[in-house]
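The following paragraphs lead the reader through a protein structure, passing from strands and their partners to an open sheet and then to a pocket. Please keep the sequence and the structure in view while reading.

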Amino acid sequence: YQRRVHGGCDCEEAVHRRPADGCGDWETVEGSLKCVSSNTCFVWGVNCEDDIYMANADAPADAMGWEKIEGKLSQVNVSESFVYGVNSDEKLYRRNVDGSGEWEEIAGVLSCISANKDYVWGVNCADDVYMSCAEGCVSDFAWKQIDGKFKQIHVSESWVYASNFAQEIYRRPVDGSGSWEKTQGSLCCVASNCTHVWGCNGNEDVYWTVA
């Protein structure tokens with residue numbers, strides 16, 4: 001699932017999807033969302049009113065059966081076990097990825113958040129970068145500032161990818177070790193899984209490569 005023209009939500013918030021390996025064609029997904037994130041089982045998204053929706057990831061594109069979830073979020077990101085979200089006040093929340101339970105507030109202030117089963121990363125409105133272990137209760141989160149300045153960030157099983165104001169792309173090991181290494185390309189939004197990296201540039205062109 002992607003957002004932006006050709007690969008996600010366009011100016012009318014249309015949603016599109018295709019296999020992560022780039023095969024096949026884009027298919028338009030039922031619904032209207034400005035931000036979407038999925039794992040192998042569930043897909044979550046928010047619309048222009050910050051309303052929250054979830055569906056089964058393998059549902060037919062023309063019959064997703066979106067379920068509205070209580071709350072208001074401006075961005076969501078799905079990990080193996082949880083969905084993480086940021087609201088308009090940059091407050092942070094998480095919930096079981098299957099939609100059960102309640103939203104739990106996480107200490108901290110971020111404008112973008114992304115997680116896998118072990119680590120959570122995010123950036124704030126000043127482009128500062130933070131990470132924390134994702135295990136345990138939300139009260140156990142201990143944010144550690146990481147060097148660098150980025151607008152957008154995304155976590156895979158092994159790497160964290162990030163894009164800065166110049167649309168330069170960097171990555172480093174997801175556990176925070178090592179240092180940022182610059183990758184080829186120019187993207188304003190990047191997303192990855194264990195095998196592929198996808199992104200779009202300022203012209204909303206879509207690119208992918210092997211991770």
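Two strands are said to pair if DSSP finds at least two bridges between them. Strands (E, at least two residues) and helices (H or I, at least four) are DSSP runs, numbered from the N terminus. This is a predicted model, in which local features need pLDDT of at least 70 and side-chain atom pairs count only at pLDDT 80 or more, whereas totals for chains, interfaces and linings use all residues. Residues are numbered from 1 along each chain as its sequence is written, and side-chain values use heavy atoms, with hydrogens and water left out.

Strand β11 (residues 112–115) pairs with β12 in the antiparallel sense over four bridges, and A115 stands opposite V120 of β12. The hairpin that joins β11 to β12 runs through three residues.

Strand β13 (residues 128–133) is also an antiparallel partner of β12, over five bridges. Here W121 stands opposite M131 in β13. Four residues lie between β12 and β13 in their hairpin, and D127 in the turn has a positive phi of about 70 degrees.

Elsewhere, four strands form an open, antiparallel sheet in the order β3-β4-β5-β6. Because β3 (35–38) and β6 (67–72) stand at the edges with a single partner strand each, one side of each is left without a neighbour in the sheet. From one strand to the next the twist averages 25 degrees, where axes are lines fitted to C-alpha atoms, for helices over the stretch in contact, and angles run from 0 to 180 degrees between N-to-C directions. Within this sheet, β3 pairs with β4 (residues 42–46) over four antiparallel bridges, and V36 stands opposite G45 in β4.

The final feature is a pocket: on a 1 Å grid over the protein atoms alone, an open set of points where a 1.4 Å probe fits, with protein on both sides within 12 Å along at least five of seven lines; lining residues have an atom within 4 Å of a point. The second largest pocket is lined by 17 residues, and I169, T183, Q184, V197 and T209 lie nearest its centre. Elements giving two or more residues to this lining are β17 (168–173), β18 (181–186), β20 (196–200) and β21 (206–210).
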